[in-house]
Amino acid sequence: MWERTGLLVTGPEGLALHAERALEPMADAYESGALFRVRIEDSFAKARSLLAGHAVQILQPGRGEFLIGDNPALTVRRDGPRLSYNMAIGDAHSVVLPIGPGYVLSTGPQPAYLRASPAEVEELNTLQICAARRYVYTRPGSSALRPFITRQGRDHRPPNEQLVSTK
């Protein structure tokens, strides 16, 4: 305040006024949405940089089909037999995204077209169920997945969260 106006700020009222004036440009940027836009652009640039060394892999189920949850893009990390999800991109081994019942896009060290085993299909579907906020989507005619969705939803989600399967 001294540098800007030549006035010496004293007391709580003066400090509050100074703080309000100092923070006003940031508050304006927040109100207009400009701050949000900048944060989204920054997050995109960081994710792009972190994924630059990865290649795209396409997974197709050897048997069965993939589910798509309402939160489909997941970061995943395998530590031994355990598969964790929804960590920061820099901590993940891969990012997976189902794009239909027959395909999942994944990041990996080399470009590849891979056939997922039935166990891998089940594991990826379970991740979609666990990560879903409320919905898991199947295609019309895939009623065989309903018991799986119900069982996994019951076994892997908190009891107060209801999961809805839709076509």
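Author: The largest pocket holds about 320 Å³ of space. A pocket here is an open set of points on a 1 Å grid over the protein atoms alone, with protein on both sides within 12 Å along at least five of seven lines. The volume is the space filled by probe spheres set on the points, which are joined across faces, edges and corners.

Reader: Is this predicted or what, and how are you numbering things?

Author: It's a predicted model, where local features need pLDDT of at least 70 and side-chain atom pairs count only at pLDDT 80 or more, while totals for chains, interfaces and linings use all residues. Residues are numbered from 1 along each chain as its sequence is written, and side-chain values use heavy atoms, with hydrogens and water left out.

Reader: Ok, which residues lie nearest the centre of that largest pocket?

Author: L59, R78, V96, S106 and L124, out of 17 lining residues; lining means having an atom within 4 Å of a point. By type, the lining has seven nonpolar, five polar and five charged residues. Ala, Val, Leu, Ile, Met, Phe, Trp, Tyr, Cys and Pro count as nonpolar, Asp, Glu, Lys and Arg as charged, and the others, Gly among them, as polar.

Reader: And which elements supply at least two residues of it?

Author: β1 (55–61), β3 (74–79), β5, β6 (103–108), β7 (112–116) and α4 (118–131). Those are DSSP runs numbered from the N terminus: helices are H or I with at least four residues, strands E with at least two.

Reader: Switching to the strands: how do β5 and β6 run, parallel or antiparallel?

Author: Antiparallel, joined by four bridges; strands pair if DSSP finds at least two bridges between them. A hairpin of two residues links β5 to β6, and P98 stands opposite V104 in β6. β6 also runs antiparallel to β1, with five bridges, and there T107 is the bridge partner of V56.

Reader: Last one, how many salt bridges?

Author: Five, counting a side-chain nitrogen of Lys or Arg within 4 Å of a carboxyl oxygen of Asp or Glu. One of them pairs E41 with R37, closest N and O atoms 3.4 Å apart. Both sit in helix α3 (residues 34–51), four residues apart, about one turn of the helix.

How values were computed:
On a 1 Å grid over the protein atoms alone, a cavity is a set of points where a 1.4 Å probe fits but cannot get out, and a pocket is an open set with protein on both sides within 12 Å along at least five of seven lines; lining residues have an atom within 4 Å of a point.
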